[in-house]
Amino acid sequence: MACIEARGLRKAYGTTMALDGVDLRVEEGRILGLIGPNGAGKTTALNAILGLTPYQGELRVLGRDPWSERERLMRDVSFIADVAVLPRWIRVSQALDYVSGVHPRFDRAKAEGFLEKTSIRRESKVRELSKGMVTQLHLALVMAIDARLLVLDEPTLGLDILFRKQFYDSLLNDYYDSNRTIVVATHQVDEIEHVLTDLIFIDRGRIVFNRSMEEVESRYLEVLVHPEKLAAARALKPIHERQGFGRSILLYEAADRQQMAALGEVHTPSISDLFVAVMGNQTGHTPGVTR
Amino acid sequence: MNTQTNVLPDPPLESQVRAPALIPAAQHAYWALRREFWESRSIYLAPLAVAALFLVGFLVSLIHLPHVMRALSALDPGKQRDTIIEPYDMAASLLMGTFILVALFYSIETLQRERRDRSILFWKSLPVSDSTTVLAKASIPFVVLPLLSCAIAFVTEFIMLLLSSAVLAGSGLPVRTYWEQVSLFQGSLLLLYHVITVHVLWSAPVYGWLLLVSAWARRAAFLWAVLPPLAICALEKLLFNTAHFGAFLGHFFMGGTEGLYAPGTFPMDPATHLTPGRFLATLGLWMGLAVTGAFLALAVRLRRCRGPA
């Protein structure tokens, strides 16, 4: 059974299509990165998956309809929607009490274990904690829930780089296993690059790119072209070209690695470069693309 | 997704044998209510503070008690009684007023606040239904506050009685005549009857309306709750020069009492003849309760749809 399955998912706010016919299938055990510019529909898509917003089209999460079965679904799904949604008045001990009171799959000892490693005190109120500590607390609560799907929407926004690194490290080391699925939406693309198994780009309510990371690695390559071979390289139809280190960097899809090695230095593009290339083509910035 | 090749043909066994984890509904309700006490501490702090302040004032006034009691013995029993129970009525009225104020402010705030501070996204990430949350919140003005206020009123009056007795005994005056005038249990039960009938059952649409506006309004919930009814009153006055709507609304705050007591008896007087049967037979009461039910059902729906403000 797929963890998330969507067909023709639509959601309009007035005349704006936040989701414009999204087809999506996420298998169990994947870590999916959902990347897109502001207003692309990432949060709307996640809200639909979490049963926070009604939608048109077909959507099943763990075999359930999230809108009509949110309460039931939340036994198996947890999420951190945005940073700083923990109520500011709540004490750390109260948050632990409440979640263990209402959640059948919450392991309080595990959450306490995570908190031991931080400087968060039980009697502190959330408003007294730093932004990083609030995220640590939320993560401790969420990781102690034995969920099958974890959804993270910009979970590290506004945190310093140490916290951000720690966040993904503990997610991978202490939480993730092959029975769990994780969906992350973020702008900080490069930080989650090594974490992901799958990658989706979303733009104006549509999925414009959907590949596993293995495919990304085998299918896309970037060439730091020798200046004298630039014309030859351009003739091979790169999907994107940019300047860097005083050289032209060309990005190819489904190109022959041997052939490319003759043109210059070859490596796998970073997600952000790939994103810029794909999005550039989408929005029609590249010459020759007609819309 | 394009990941078929990477996925095991069979789903992992563990996911199929997960025990159906269940938490009884009563436990959900309990924690939803606990949350309200953590979040809105004025629910119990406000009546306690009012009671404590009143007790301090009463303690100071006790200096005059022996003098008053001596002067009273010359008066007729009816007059005697009125003077003695005056502070007790005052304590009851104060606590009732506190309950109404706290209930009004709580109701207009509660569902909007969780959207304003975005914490609704945290609450909704847990397996607690919208109806559990809304009903827990509604139970604060409908059940918790009235019962709590009456209990605090009872304890306050009991302390007043003990303090007075100590002062009277200290000055060699008979305590018995004083005790005979203060009918603590009867008075408290009357207060409870009055609060539940007039300020809970009859006023229910007021709190229901406030909870609904709180669930709906993105900001300025108080204005949204108050301005539309006021506008209707003003419009009616302008167009027809009548005030039926205002009178109709006033009914929910002060009205409905005609069915409660036999005519001519004062609500808080222990000699009041209660007529709960007539009260329960009032059509307006049941219509009001039906409207309240509809308001709450709408509030549940709104909480389901509305994201953070």
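Biologist: The model is predicted, so local features require pLDDT of at least 70 and side-chain atom pairs count only at pLDDT 80 or more, whereas totals for chains, interfaces and linings use all residues. Residues are numbered from 1 along each chain as its sequence is written, while chains are lettered from A and ligands numbered from 1 in the order in which they are written.

Modeller: How many bridges does S10(A) form with strand S12 of chain A?

Biologist: S10(A) pairs with S12(A) (residues 247-253) over six bridges, in the antiparallel sense. Glu253(A) in S12(A) is the bridge partner of Tyr220(A).

Modeller: How many residues of strand S10 of chain A are buried?

Biologist: A residue is buried if 20 or more other C-beta atoms lie within 10 Å of its own, exposed if 12 or fewer, and partly exposed in between, with C-beta atoms placed from the backbone. By that criterion, five of the six residues of S10(A) (220-225) are buried, and the strand is mostly covered. Over chain A, with its 291 residues, the buried share is 45%.

Modeller: Which domains does the assignment give for chain A?

Biologist: Domain bounds come from an automatic or database domain assignment. For chain A the assignment gives domain 1 (4-204) and domain 2 (215-282), and their C-alpha centres lie 34 Å apart.

Modeller: How many residues of each domain of chain A are in contact?

Biologist: Two residues are in contact if their C-beta atoms, placed from the backbone, lie within 7 Å. Eight residues of domain 1 of chain A contact eight residues of domain 2 of chain A. On the domain 1 side, helix H7 (189-192) and strand S8 (198-203) of chain A each give two or more residues; S8(A) gives the most, three. For residue classes, Ala, Val, Leu, Ile, Met, Phe, Trp, Tyr, Cys and Pro count as nonpolar, Asp, Glu, Lys and Arg as charged, and the others, Gly among them, as polar. That side of domain 1 has five nonpolar, no polar and three charged residues.

Modeller: What of the contact between the chains?

Biologist: Most residues other than glycine have a negative phi. Arg204(A), although not a glycine, has a positive phi of about 45°. Arg204(A) is placed in the loop between S8 and strand S9 (206-212) of chain A. It is partly exposed, because 17 C-beta neighbours lie inside 10 Å.

Modeller: Where in chain B does Ala220(B) lie?

Biologist: Ala220(B) lies in the loop between helix H10 (204-216) and helix H11 (221-240) of chain B. Its phi is positive, about 50°, although it is not a glycine. Ala220(B) counts as exposed because 12 other C-beta atoms lie within 10 Å.

Definitions and conventions
Helix = DSSP H or I, 4+ residues; strand = E, 2+ residues; numbered from the N terminus. Pairing = 2+ DSSP bridges.
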